[in-house]
Amino acid sequence: MLADAKPYSRNRPEPVKIGVIGVGNMGQHHARVLSRLKDVQLIGVSDINAELGIETASKYQVHYFEEYQKLLKHVDAVCVAVPTRLHHPVGMTCLRAGVHVLIEKPIAASIAEAESLVNAAADLNCILQVGHIERFNPAFKELRNVLRTEDMLALEARRMSPYSKRASDVSVVLDLMIHDIDLILELAVSPVVKLTANGSRGTDSPYLDYVTATLGFANGIVATVTASKVTHRKIRTISAHCRNSLTEADFLNNKILIHRQTTENCMADYGQVLYRQDGLIEQVYTSNTEPLHAELEHFVNCVRGGDQPSVGGEQALKALRLASVIEQMALDGQVWKSQDELRLVLEPMTTVAAIR
């Protein structure tokens, strides 16, 4: 028999007790990493697919809970990796049980549901972290460090994949593009004041499969973001066009290249030029840390009381607001020109955290 979880204290010596709700593609990875994390005890898993749930529980020698609600009284925290439409009801149930939550992106299927989760977490004093995993990608961490000393002019993000039935309940904007929306908002550090978007479908799905958007920020930075579910090659890149350099980050290969313009001639006697160097390429070395390992380790530290989530509910809600506008504009073919109109949509003061 499992003992009920006690209120968590950062000073207690026991490991943090965690469960996983939803053990599909992403939930499987959560269970794998959690089973290996130091000072963490994976208590159990829950999934509506009993066969998959039992198989996963057996693999990691933990308990299977047919009803996730019964898991909650045994844990301090959960990772929620269910379909997007279930993020709100499952997340709210967990928060109301006093359980800290890491919920996969997007935070919810709608702005109203996302606001409800953010408000509940604030009211109940629970950690709400959202799985924007690319924030923990070593290549992004180094890219951010490099760009701190650069004068950015423009950003260009591409996130493309071959068609997959995974995440078939949302458009490419909420499945793939939202990652880069979050990263670009983090890099630009400025409100969006101009926005255009276009999209198309490559399948019979009611959702958009290919979307490109151009964002103009108040500080003058321009960003182009493209996401695709119908590209026959996997691409995950962000390029930063700066006044004195071009920095390219490849998240798949964990690689960063910095291109700088130089002109250097080597002269022989009588002034003859033997060779010319027109450019310099620097390679930035990054760690091989698995992003999900770093993300879950960060979540555990937050649960222990040492940190606030680097991507909490407010940050995830900001990304979802922008993603929702891009998605609607791509569907409607509408161009948004009003800065005031954008501000009302993207920065409403409606959440507890914002009001406080």
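Predicted model: local features only at pLDDT ≥ 70, side-chain atom pairs only at ≥ 80, totals over all residues.

Trainee: Which residues touch the most other members of the largest nonpolar core?
Mentor: I21, V78, I107 and I326 do. That core has 80 residues. Helix α7, residues 172–188, gives the largest share, with 12 residues.

Trainee: What else is there besides that core?
Mentor: There is a second, separate core of 25 residues. Among them are V20, Y60, L102 and L292.

Trainee: Back to I21. What is I21 in contact with, leaving aside neighbours within four places in sequence?
Mentor: The list includes S46, Y68, L71 and L72. V78 and C94 are on that list too.

Trainee: New topic. Which residues of helix α6 are buried?
Mentor: P138, A139, F140, L143, V146 and L147. The helix covers residues 138–147. At its start, a side-chain oxygen of N137 comes within 2.9 Å of the backbone nitrogen of A139.

Trainee: And K105, buried or exposed?
Mentor: Buried, because its relative accessible area is 12% and the cut-off is under 20%. K105 sits in the loop between β5 and α5.

Trainee: What does the K105 side chain reach?
Mentor: The backbone oxygen of D175, at 2.4 Å. K105 is also in contact with residues including H87, H132 and H179.

Notes: Residues numbered from 1 in each chain as written. Heavy atoms only, no water. Core = buried A, V, L, I, M, F, W, Y, C linked by side-chain atoms within 4.5 Å. Buried < 20%, exposed > 50% of the residue type's maximum accessible area, 1.4 Å probe, protein only. Helix = DSSP H or I, 4+ residues; strand = E, 2+ residues; numbered from the N terminus. Contact = heavy atoms within 4.5 Å. Polar contact = N/O pair within 3.5 Å; in protein donor to acceptor, adjacent residues only side chain to side chain.
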